[in-house]
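Here are my notes on how the two chains meet. Keep the structure open while you go through the points.

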Protein chains: 2
Amino acid sequence: MTRIRMVVAYEGTEFCGWQVQPADRTVQGELERALHTILGREVRVHGSGRTDSGVHALGQTVHFDVPDGRPGFPWRRSLNAILPRDVRVLDAAPAPGDFHARYGAVSKTYEYCLWHEREFCLPQRRRFVWDCGPVDFARMEAAAKALTGEHDFAAFQNVGTDVGSTVRTVTDISRHVGATAHESVWRFTADGFLKQMIRNLVGCLVACGRGKLGVDEVRAILESGDRTLAPATVPPQGLTLVRVEYGPDN
Amino acid sequence: MTRIRMVVAYEGTEFCGWQVQPADRTVQGELERALHTILGREVRVHGSGRTDSGVHALGQTVHFDVPDGRPGFPWRRSLNAILPRDVRVLDAAPAPGDFHARYGAVSKTYEYCLWHEREFCLPQRRRFVWDCGPVDFARMEAAAKALTGEHDFAAFQNVGTDVGSTVRTVTDISRHVGATAHESVWRFTADGFLKQMIRNLVGCLVACGRGKLGVDEVRAILESGDRTLAPATVPPQGLTLVRVEYGPDN
């Protein structure tokens, strides 16, 4: 039995998210189908976590087990020859038997791209940005600072999960240069994220950037733990899972 | 009668090129349809030139005439409210009555994006690059230098046009940094380009970059004027019309 670890990229536009579903096209479903073609048997692919419908990935990390080992088998090349073009294996290698893509993850980094020009959104960027219009970056960065650190993020979690604790440690929320002059990129790193937490945090940051919310109100929302007080979840297509980090043993 | 000049961007993926056609979806067709919705009459939109099926634009320039003038009408906002999301008006303004998007153009700039990583092409970039694999940039740049200047580019023109002269002056062929570390961007500026000339020039450059052609052979192909001696036309999706320049009167 050999455990294989892979880094996978996908464009989420035409996927109903990560997790396998009976009727819908999903990333996990495409990976498992391709492995079935190669191995002639069903194989479960474990991801570092689910991504929602429309969310992209540059560095989703996954693992699966190959019963007969197949030493030296060219997983990357073979899977990329079978997979549809909107999902690609960037890296594949044997991993320790106790490596686990989900439980071994110690931090994740996502990026959310905003489009700020009110009059148009560039067609080439429409699948990768939310066109929220003009915002005040300084106000957003003040709110980002208030949200960074160890907090109970219950106010930023959507329903439909069964996690125990809603406490997470966000180590970074920072603004970066976008692909065009009309964009900004917001990077989020944490030990983990709750369901749609980043899309809810971005909704809060943009409300601040539009002058509709102040830092004190952001602190009050965070402390309330009340989802209904925080701004609405923003669209998925601005979001990309960039990187998953594992401990020194992996 | 007022002449309106506009700068238009589009993602060419789902268009059968620029030029209006009876059955197919084209950029000119979508613009003319949107103008018909606004004006209630047929209006011809003149572009700086055609782009092929699958070719993108960041700065296609167009003009059209509005019989009743409509001073102060918000063309950009109104058209963007009607147009499909893969074509956008970036700028619109009244122009002198003798401005002509095609005949007034004094130079055009295109960019072609190459993807060099052999093992995968990032899904997010697949609509905008040609994944030609590894190449030697120095060899390509030597060939680019030989192709720059005033030449008869008959060897790089595909059939199906009725141009008089095949002499063009290419003022720039240069390499630029791509959107990711796996890409290079090749910028072409000239007083005009023949049919599929850039995609034929890129085919020639990449053949040099792969070591299959030398600079002396490139010069010989250019001098021969024989299309059959030059490498094949490369795919359209790497190509973007970036900018059209007009004379000082416009």
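1. Between chain A and chain B there are 12 residue pairs in polar contact, both at pLDDT 80 or more. A polar contact here is a pair of N or O atoms within 3.5 Å; within protein, one must be able to donate a hydrogen and the other to accept it, and residues adjacent in sequence count only if both atoms are side-chain atoms.

2. Keep in mind that this is a predicted model: local features need pLDDT of at least 70, side-chain atom pairs count only at pLDDT 80 or more, and totals for chains, interfaces and linings use all residues. Residues are numbered from 1 along each chain as its sequence is written, chains are lettered from A in the order in which they are written, and side-chain values use heavy atoms, with hydrogens and water left out.

3. Salt bridges next: the two chains share 10 of them (a side-chain nitrogen of Lys or Arg within 4 Å of a carboxyl oxygen of Asp or Glu). One to look up joins the side chains of Arg127(A) and Glu11(B), at 2.6 Å, N to O.

4. How many residues does each chain bring to the contact? Chain A puts in 27 and chain B 26, where contact means heavy atoms within 4.5 Å.
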